[in-house]
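Subject: Structure handover, with notes on helices

Hello,

My notes follow below it.

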Amino acid sequence: MSIPKSEFIWFNGNFVPWDEAKIHVLSHVLHYGSSAFEGIRAYQTPKGPAVLGLEPHVKRLFRTCKIITMPIPYSQEEISQAILQTVSRNNHDSCYIRPLVFRGYNMLGVNPLNCPVEMIIATWEWGAYLGAEAIEKGVDVGVSSWRRMAPDTHPSMAKVGGNYVNSQLVVMEAKRHGYVEGIVLDIYGYVSEGSGENIFIILDGKVYTPPLGNSILSGITRAFAITMLEEKGYKVVEQQIPREMLYIADEIFFTGTAAEITPVKTVDGLTVGNGSRGPITEQIQSEFFAIITGQVADRFGWLTLVK
Ligand code: PPE
């Protein structure tokens, strides 16, 4: 399935028709993965569309660009406004939002510094990332034979295009083996994350998730999940997780903007808990969907109305 087109893409400060948002084949980004991106969602609420986590996503984009020395020629406020305007111009009730900063066309050679920093913001309608039934029934996943980037190689805290070669290898292998998604271990063999999701493991009433030091992306949905879990009185432990904990877990769920909160049903063919969505996962999921669709008050200030 190809991307469902919207009308406009914000491109270096202007709205251009979807089909005209093009770059040269000798752009630096295409050759060396020199891009920084975000994935954000807007949800339909009774007050109109609202963007979830606008501020933390824009902040993370700027941090990614700082890590890879790719200065964005706009302020965070300008980018936030541009995101809201793009959702509005494309008349979405709900959508996925993809801001992308990249090194454009001027010179080739690894050094990016002589190439212009360009930016787009695209929006489109994107349903459930891991399949229509995944949110309720959960997904079958496998531990990848690939490892996440070692510390001091690729910066996992930065959402950089080039990092996603690793994610692509993980997800392609997972699909080849009949799984929906892969779980990647870090270089030391500890659980890191999915190809595009953070992971939570529940064992004996405690909730575990890998810390930033295990080569994870600092997920915004992960932060939302921790906030909801702690509010409900669960202890969330950020600690190194050995692979075998996946096999004895009572519940496992993924978090991510695209994946939202998705239960994991099996790992490497072994059933997680009783094989259906666990009670803590369900509680957090229903709270999450109630807040982001405006069914209950946005008490954590996660939403920004588009109009
Ligand atoms: N880890 C990775 C590697 C990752 O790519 C994501 C988001 C997360 C964790 C969760 O982060 P957050 O969205 O802030 O909760 N992956 C994005 C891209 C997915 C894609 O296929 O493209 C996303 O979910 O938008």
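Which residues in H2 meet which residues in H3? Leu 54, Val 58, Lys 59 and Phe 62 are the H2 side. Gln 76, Ile 79, Ser 80, Ile 83 and Leu 84 are the H3 side. Contact here means heavy atoms within 4.5 Å. The residues of this contact divide into six nonpolar, two polar and one charged. Ala, Val, Leu, Ile, Met, Phe, Trp, Tyr, Cys and Pro count as nonpolar; Asp, Glu, Lys and Arg as charged; the others, Gly among them, as polar.

Some housekeeping. This is a predicted model, where local features need pLDDT of at least 70, side-chain atom pairs count only at pLDDT 80 or more, and totals for chains, interfaces and linings use all residues. Residues are numbered from 1 along each chain as its sequence is written, and side-chain values use heavy atoms, with hydrogens and water left out. Helices (H or I, at least four residues) and strands (E, at least two) are DSSP runs, numbered from the N terminus.

H2 and H3

Helix H2 covers residues 54-67 and helix H3 covers residues 76-89. Their axes come within 10 Å and cross at roughly 125°. Axes are lines fitted to C-alpha atoms, for helices over the stretch in contact, and angles run from 0 to 180 degrees between N-to-C directions. H2 and H3 are therefore oblique to each other. The classes are: under 35 degrees roughly parallel, over 145 roughly antiparallel, 65 to 115 roughly perpendicular, the rest oblique.

The 14 residues of H2 should span 20 Å at 1.5 Å a residue, and its end C-alpha atoms are 20 Å apart, which agrees. The expected span is 1.5 Å times one less than the number of residues. Buried residues of H2 include Leu 54, Val 58, Leu 61 and Phe 62. Buried means under 20% relative accessible area, exposed over 50%, partly exposed in between (1.4 Å probe, protein chains only). Thr 69 follows H2 with a positive phi, near 50°.

H6 and H8

Helix H6 (residues 220-231) packs on H8 at an angle of about 110°, with the axes 10 Å apart. That makes H6 roughly perpendicular to H8. Thr 221, Phe 224, Met 228 and Leu 229 in H6 meet Ile 280, Ile 284, Glu 287 and Phe 288 in H8. This contact divides into six nonpolar, one polar and one charged residue.

Helix H8 runs over residues 279-292. Ile 280, Ile 284, Glu 287 and Phe 288 are among the buried residues of H8. Just after H8, Gly 294 takes a positive phi of about 70°.

H5

Gly 178 follows H5 with a positive phi, near 85°.

Two single residues

His 28 sits in helix H1 (residues 28-32). His 28 is buried, at 1% relative accessible area. Leaving aside neighbours within four places in sequence, its contacts include Arg 103, Met 107, Pro 112 and Cys 115.

Gly 189 lies in the loop between S9 and strand S10 (191-194). Gly 189 is buried too, at 19%. Beyond its neighbours within four places in sequence, Gly 189 is in contact with Arg 147 and Arg 243. Its C-alpha atom is 9.6 Å from that of Gln 240, 51 residues away along the chain.

Best wishes
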